[in-house]
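Let's take a walk through this structure together. Keep the 3D view open as you read.

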Amino acid sequence: MDGLTAAESRELDQRLQKRQVKEFMSVFGNLVDNCFTACVDDFTSKALSGRESGCISRCVLKSMSTQTRLGERFGELNAAMTAEMQRR
Amino acid sequence: MFGLGRPQPTSAEKIAAVENELKVVAEMHSRMVKICTLKCIDKSYREGDLSKGESVCLDRCAAKFFETHQKISDQLQKETQARGGGGFSM
């Protein structure tokens, strides 16, 4: 992969930034869907119950910890896989 | 032959290539998180912290996910070639 010019680098950065925003929205959406599905099941009321609220908070915390941990593992494994592929 | 070579990639092509590679990696990451969460995380969310068991499960899940990816990639390539196809590598 030949080097990119300064202008090309800037263009790439812009694209990546846009992609990151999209990525965040996607993570956020999945979080809502996931925690809602896991925690909310009482439709005798319009408002979230205390139990449901607590569950959602814990779900968010746990999901963020999961993202962090898997992010680290992914980085390590991806680097190893890339190195292996170049070795072959 | 002198002067005969592949045409240089255009700016757009170079940028697209980098962006695409990152897209592939990001997608794999996203799939892995979804699946390992499903396989390892207790859905009752009684606790806000990852338990030791869940943490270990996530680590192992990630490792196995990558190994599966590689295994399937290799096998697919082998099978495609055996069937006389062009094959592609991931």
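Which residues of α2(B) are buried? Bear in mind that this is a predicted model. Start with the helix itself: α2 of chain B takes in residues 52-82. Now for the residues tucked away along α2(B): they are B:Glu54, B:Ser55, B:Leu58, B:Cys61, B:Ala62, B:Phe65, B:Phe66, B:Gln70 and B:Ser73. As for the spacing, an α-helix has 3.6 residues a turn, so residues three or four places apart point the same way.

What covers those buried residues of α2(B)? The cover includes α2 of chain A, along with α1 (11-40) of chain B itself. Past the end of α2(B) you come to B:Gly84, which has a positive phi, near 80°.

Hop across to chain A and find A:Lys62, which sits in helix α2 (residues 50-87). This lysine counts as buried because its relative accessibility is 4%, below the 20% cut-off. Beyond its sequence neighbours within four places, A:Lys62 is in contact with a run of chain B residues: B:Ile41, B:Asp42, B:Tyr45, B:Glu47, B:Gly48, B:Asp49, B:Leu50 and B:Glu54.

Finally, the annotations. UniProt marks residues 35-59 of chain A as a "Twin CX3C motif"; that stretch is 60% helix and 0% strand, with its end C-alpha atoms 6 Å apart. In chain B, an unreviewed UniProt entry assigns a "Tim10-like" domain to residues 16-78. That span is 83% helix and 0% strand, and its end C-alpha atoms lie 29 Å apart.

Conventions. Residues are numbered from 1 along each chain as its sequence is written. Chains are lettered from A and ligands numbered from 1 in the order in which they are written. This is a predicted model: local features need pLDDT of at least 70, side-chain atom pairs count only at pLDDT 80 or more; totals for chains, interfaces and linings use all residues. Side-chain values use heavy atoms; hydrogens and water are left out. Helices (H or I, at least four residues) and strands (E, at least two) are DSSP runs, numbered from the N terminus. Buried means under 20% relative accessible area, exposed over 50%, partly exposed in between (1.4 Å probe, protein chains only). Contact means heavy atoms within 4.5 Å. UniProt positions are given in the numbering used here, feature names are shortened, and annotations may be inferred rather than shown by experiment. The expected span of a helix is 1.5 Å times one less than its number of residues.
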